[in-house]
Amino acid sequence: MAGKKLSRRERIKRGIRKRLSGSTERPRLSVFRSNKGIYAQVIDDSSGRTIVSASSLSKDFDGTGNKVEQSKVVGKVIAEKALAAGINNVVFDRNGYLYHGRVKSLADGAREGGLKF
């Protein structure tokens, strides 16, 4: 069962990434979620480097609340870090996941933090 879901997500991810790319002016906000945590990176695809990142499993993160609430906090943290690095506009890459639950919560938190996408 897990193999089918993973291959489906990978197929969706390839289709999204064909049309979506981050640039220096507008980098890509990529989301990855696991059973234990959620991760976000702001990536410049033209130079192939990660500008800022945030995770719910990092040592400085306060892990209170359920996973959806933690995702919202990670979105706010990534927005603060991106704004400090001079990035206002990003392209949101949901990485093959449905825009629902933790992924949507992270996106809402990033918007509340000041990122535009």
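A residue is buried when its relative accessible area is under 20%, exposed when over 50%, and partly exposed in between (1.4 Å probe, protein chains only). The model is predicted: local features need pLDDT of at least 70 and side-chain atom pairs pLDDT 80 or more, while totals for chains, interfaces and linings use all residues. Residues are numbered from 1 along each chain as its sequence is written, and side-chain values use heavy atoms, without hydrogens and water.

**Exercise 1.** Identify the buried residues of helix 2 and what covers them.

*Solution.* Step 1: locate the element. Helices (H or I, at least four residues) and strands (E, at least two) are DSSP runs numbered from the N terminus.

Step 1: list the buried positions. They are Gln-70, Ser-71, Val-74, Gly-75, Ile-78, Ala-79 and Ala-82.

Step 2: find the cover. It includes strand 1, strand 2 (38–44), strand 3 (49–55) and helix 3, with contact meaning heavy atoms within 4.5 Å.

Step 3: inspect the end. Just after helix 2, Gly-86 takes a positive phi of about 85°.

**Exercise 2.** Classify the aromatic pairs Phe-32 with Tyr-39 and Phe-92 with Phe-117.

*Solution.* Step 1: apply the criterion. Rings of Phe, Tyr and Trp (its six-membered ring) pair if their centres lie within 6.5 Å; planes under 30 degrees apart are stacked, over 60 edge-to-face, and the rest tilted. The whole structure holds four such pairs.

Step 1: take Phe-32 and Tyr-39. Their centres are 5.8 Å apart with 35° between the planes, a tilted pair. Phe-32 is partly exposed at 36% relative accessible area, and Tyr-39 is partly exposed at 28%.

Step 2: take Phe-92 and Phe-117. At 5.2 Å centre to centre and 10° between the planes, this pair is stacked. The pair links distant parts of the chain, 25 residues apart: Phe-92 lies in strand 4 (residues 91–93) and Phe-117 in the segment after helix 3. Phe-92 is buried at 16%, whereas Phe-117 is partly exposed at 27%.
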